[in-house]
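Colleague: I would like a close look at a single part of this model, and then its setting. Please take it step by step.

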Amino acid sequence: MMRPMVRRLLLVGVTAAALTVAGLAIWRTAAPRPETADTIAAQLRCPACQGESVARSSSPVAAAMREVIATQLAEGRSPEQVRQWLIDRYGAELLSDPPTAGWGLLLWLFPVVATAIGAAVLVGRLRRGQARPRRAPGRLALGRPARAGLTWDLLAISIVALAGVVALASPGRDPEPASDPLADALSLASSLERQERFAEAAAIYREVAESQPISAIRLRLAYCLLRSGQPAEAAETAAGVIDDEPTNPQAVLLLGLAQRAQGLAEASTTLQRFLELDPGHEAAPQVRRLLEQAPS
Amino acid sequence: MSAARRPTAVLLAALAFVLLGAGLAAGLRDESAESSEPGPATVTLDRPAPDLVGSALDGSRFDLTDYRGSIVVINVWASWCAPCRTELPLLAEAARTWSADGVVVVGLNVRDSAEAAQVLLDEAEATNLITVADPTGALAVSWGVRGVPETFVVDRAGRLRLWAQGVVDAAWLRERLGPMVQP
């Protein structure tokens, strides 16, 4: 049995809780966050596969799209411009979220309209309930209907509580892997390398190597510097790797080539050392030819 | 609400949901793919062709606008794509057969190495095709390519007229290209 005042308070409480949960959910999904190539790719459906985002798909087209996104962002286009460029080519269905126009707008409006209808029905029922003459309290009036009302109230509270728990416990709107600017940058640099744009690739590797001084990245930097006509910095970078790993043949090779590009006499010694470290290296025959051409 | 009226309301609500679902499905459906026909899914278009400027495998520069006045068949392929291997000899043959009619067949080699591409062109006896290298796939993305193989046909006025997803065959070329060559 529940008194009308208690029921009304309960209704207000439930409504307030529902609105709080809804507000929290909207805040968690719509809160602005910086956009990177990966977050843009995560919002796009892979056009070559079912149910995967461009960020997650391993299809060649998705990989190409990721590179296009990274390249366009690096060229100074805004995330919105990049998205629009892709939508112009693949259509609005590329977006994971439906568009806010045409049929897509209907999808967005549907929950609002459904909620409004539900609220209207509820208000109508409450009004009818108030307009109805109150029955005298007694055995006849307070039986099954009141108990049924209590059951519904408890059910509603349980649903709201469940929604609240889900909203609070869920790890936010990050179903896709967290954005990894490092991976974006490396992917772009490697793409630039394939296009033989070594100076641009070197600039990206340099930036990455500052925060992540991994040998592999520093060696890519040295290689791109060498290929883009900056042998002094290439030598310095390769020497830095050799300080950490004195027997890294790739680092010794790049140092030798960079020294040779600068016309330094020690190039031959360094290249000899490379041949001693890794005589079977794929570059070894070419290095031998170089040493034969210019004996020190 | 009375017990007698409740089923009607439930039925009406269910009907509204079904209608809404059907409407959305109809609205979001792909517009013009003619998937019921045999052969590749082909979309008929009529809009200016996107830019296609790049380096050919032989080192020369390719620019689609240089081919205004020709019908250009652009086939998107890669050496790692098995169906492309069956398609390339056919396209090379089509290029030889239709060249007198002003048909040019151009390969767009996506996310592939130049060496692997050249080996396949040699094997398929398709070295007569102009092959534009697209190592990053950026050109393919600028054309809205979904996968390989895909084939686009650009008319003599530089308008994109056909887009086929999947392997094109001799019948497709005859039926689709024939009317464009001799209108």
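Predicted model: local features only at pLDDT ≥ 70, side-chain atom pairs only at ≥ 80, totals over all residues.

Which residues does Leu139(B) touch, not counting residues up to four places away in sequence?

Modeller: Leaving out residues up to four places away in sequence, Leu139(B) touches Leu52(B), Gly54(B), Leu108(B), Val132(B) and Asp134(B). One of these, Leu52(B), lies 87 residues from Leu139(B) in sequence, yet the two C-alpha atoms are 7.0 Å apart in space. Leu139(B) itself belongs to helix 4 of chain B. Leu139(B) has 24 other C-beta atoms within 10 Å, and the cut-off for a buried residue is 20 or more, so Leu139(B) is buried.

Two of the residues touched by Leu139(B), namely Leu108(B) and Val132(B), are also linked to each other: Val132(B), in strand 6 of chain B, is the bridge partner of Leu108(B). That bridge brings in two strands. Strand 5 of chain B covers residues 103–110 and runs parallel to strand 6 of chain B, with five bridges joining them. In strand 6 of chain B, four of the five residues are buried, so this strand is largely enclosed by the rest of the structure.

The next step out is the sheet. In chain B, six strands make an open sheet with mixed pairing, and their order is 1-8-7-4-5-6. The edges are held by strand 1 (41–48) and strand 6 (130–134) of chain B; each has a single partner strand, so one side of each has no neighbour in the sheet. Strand 6 of chain B is therefore an edge strand with one side left without a neighbour in the sheet, and yet four of its five residues are buried. On average, and with direction ignored, neighbouring strands of this sheet are turned by 20 degrees against each other.

Elsewhere in the sheet there is an antiparallel pair. Strands of a sheet can pair in a parallel or an antiparallel way, through backbone hydrogen bonds. Strand 4 (residues 71–77) and strand 7 (residues 150–154) of chain B pair in the antiparallel sense, over five bridges. Within this pair, Asn75(B) has Thr151(B) of strand 7 of chain B as its bridge partner.

As for the chain that holds these elements, chain B contains five helices and eight strands. From the N terminus on, they follow the pattern α-β-β-β-β-α-β-α-β-α-β-β-α. Chain B has 183 residues, and 34% of them count as buried. Of the contacts in chain B with a separation of 6 or more, 74% are between residues 24 or more positions apart.

Among contacts in chain A between residues at least 6 apart in sequence, 48% join residues at least 24 apart.

Two helix pairs show how parts of chain A pack. The axes of helix 10 (residues 231–244) and helix 11 (residues 249–261) of chain A come within 8 Å and cross at roughly 155 degrees. The two helices are therefore roughly antiparallel to each other, and helix 10 of chain A passes helix 11 of chain A in a left-handed crossing. Their contact has 13 nonpolar residues, one polar residue and no charged residues.

Helix 11 of chain A also packs against helix 12 (residues 267–277) of chain A, at an angle of about 160 degrees and with the axes 8 Å apart. That makes this second pair roughly antiparallel. The crossing of helix 11 with helix 12 of chain A is left-handed. Among the residues that make the contact are Leu253(A) and Gly256(A) of helix 11 of chain A, and Leu271(A) and Phe274(A) of helix 12 of chain A. By class, this contact has eight nonpolar, three polar and two charged residues.

Key:
Residues numbered from 1 in each chain as written. Chains lettered and ligands numbered in written order. Axes fitted to C-alpha atoms, helices over the stretch in contact; angles between N-to-C directions. Parallel < 35°, antiparallel > 145°, perpendicular 65-115°, else oblique. Left-handed = near helix turned anticlockwise from the far one by under 90°. Nonpolar A, V, L, I, M, F, W, Y, C, P; charged D, E, K, R; others polar. Buried ≥ 20, exposed ≤ 12 C-beta atoms within 10 Å, placed from the backbone. Contact = placed C-beta atoms within 7 Å. Pairing = 2+ DSSP bridges.
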